[in-house]
Amino acid sequence: MKKLTTYCSAMTLLFLAACGGEIPPGQTEREATILKGLPFQAVTLSTSADSGALVATVESSDRALLTARTEGRLLHLAAKEGSLVKKGELLATIGDNMAGRKLQEAEGALGMAAARLELAEKTFDRYQKLSAKEAVTPQELDQVAADLRVARDGKAAAAAAVEAARIAAANTRIAAPYDGRVLRHLVEAGSTILPGTPLLELEGLGAWRVRVEVPESYRGRFFPGTPVQVEIPSLSRQLEGTVTEVLAAADPQSRTFQVKAALGAGEGLTSGMFARVFVPGAERTSLFIPHSALLQRGQLAGVYVLEDGILHYRLVKTGRQVADRVEILSGLRAGERILADKVDKASHGARVEEER
């Protein structure tokens, strides 16, 4: 019992010592902090798009699957996955094929054909001069003329073969058809490939769209040219979109039809991003506050509400973010006044003096 009494006395002294620096003598509670010059605004209702949002996926409007046009072995993948490339930049090299040797053979054959043609032309000129002097028969001149035609046809065929061989040789080097980003490699270096083998995926930059599966019940709200609101949650942004394509046939399994909407240029967008498309033609009334009024504490969000000149921190449940505003689903009522900015300077229970 004596030990317990001693312990209680010690704790009492510690408590009084801890409080002594905060509460002046003669006061029973701490004075409230007085704040001045803070911006307040009343919470109002706003009309926004219906909360019925459809899950969508961001993708490039220009996406290509590059395939091999010749057989061989993939020697090198010049561009890494995710890297940006310029039009004409080398992406992959194919080796161990017959294209190079065939080009050499075709060029050699073209040289021989050109030599034969040159000889045939000289022979024909000589026979023409001899024919004028009646030194050769008409039949001999006709034979030389025929040889000249054959030589000309032979050179033309050899030139065509060289062009085809050059095209085949060029197919061993895969270049970017436009400025873009390499999404993924579909084969590895060293793989044996055939004509038509997919090599890599490339997406263009600067033009984006979203692809969304729309339920049959919303079929009458989506048409080419229809404006739609698109939210990108990971970027906390809302973009304007325009429907560009509506597939006429619905998926019999999911009872949905596919819609594509153009977004244009969008900084920070990448293929595969999660998005939401709000159903056009439907609106609802919601509470929105400035994003600067929101105070995030871990997973909890709250605002400072001004009541009778005193700040009260209140937890709220948030919804969508539209531009620089946040939708409030619960925790606030229209007409209440909140601290609109500088929430880091405020504290619960502080007294506010507003300028008049």
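1. Strands E6 and E11 are antiparallel partners joined by two bridges; strands here are DSSP runs of E with at least two residues, helices are runs of H or I with at least four, and both are numbered from the N terminus. Two strands are taken to pair if DSSP finds at least two bridges between them. Within this pairing, arginine 73 faces threonine 192 of E11. The model is a predicted one, in which local features need pLDDT of at least 70 and side-chain atom pairs count only at pLDDT 80 or more, while totals for chains, interfaces and linings use all residues. Residues are numbered from 1 along each chain as its sequence is written, and side-chain values use heavy atoms, with hydrogens and water left out.

2. Arginine 73 also has a bridge partner in E8, namely glycine 95. Strand E6 (residues 72–77) and strand E8 (residues 90–95) are antiparallel and share four bridges. Histidine 76 is placed opposite threonine 93 of E8.

3. These strands belong to an open, antiparallel sheet of four strands in the order E9-E8-E6-E11. Its edges are strand E9 (173–175) and strand E11 (192–193), each of which pairs on one side only.

4. A closed barrel is also present: six strands, with antiparallel pairing, run in the order E4-E13-E16-E15-E14-E17. Neighbouring strands of this sheet are turned against each other by 40° on average, direction ignored. The axes behind such angles are lines fitted to C-alpha atoms, for helices over the stretch in contact, and angles run from 0 to 180 degrees between N-to-C directions.

5. Alanine 56 has alanine 275 of E17 as its bridge partner.

6. Strand E20 (residues 300–307) runs antiparallel to strand E21 (residues 310–322), and seven bridges join them.

7. Glutamine 321 lies opposite valine 326 of E22. This hairpin has two residues between the strands, and alanine 323 takes a positive phi near 60°.

8. Arginine 297 is over the face of tyrosine 313, at 4.2 Å from the ring centre. Arginine 325 is over the face of phenylalanine 288, at 4.6 Å from the ring centre.

9. Overall, the protein has three helices and 24 strands. Of its 356 residues, 35% count as buried, that is, under 20% relative accessible area with a 1.4 Å probe and protein chains only. Its accessible surface comes to about 21500 Å², with 53% belonging to carbon and sulfur atoms; the areas come from the Shrake-Rupley method with a 1.4 Å probe.

10. Among contacts in the protein with a separation of 6 or more, 74% are between residues 24 or more positions apart, where contact means heavy atoms within 4.5 Å.

How values were computed
Lys NZ or Arg CZ within 6 Å of the ring centre and 35° of its normal. Buried < 20%, exposed > 50% of the residue type's maximum accessible area, 1.4 Å probe, protein only.
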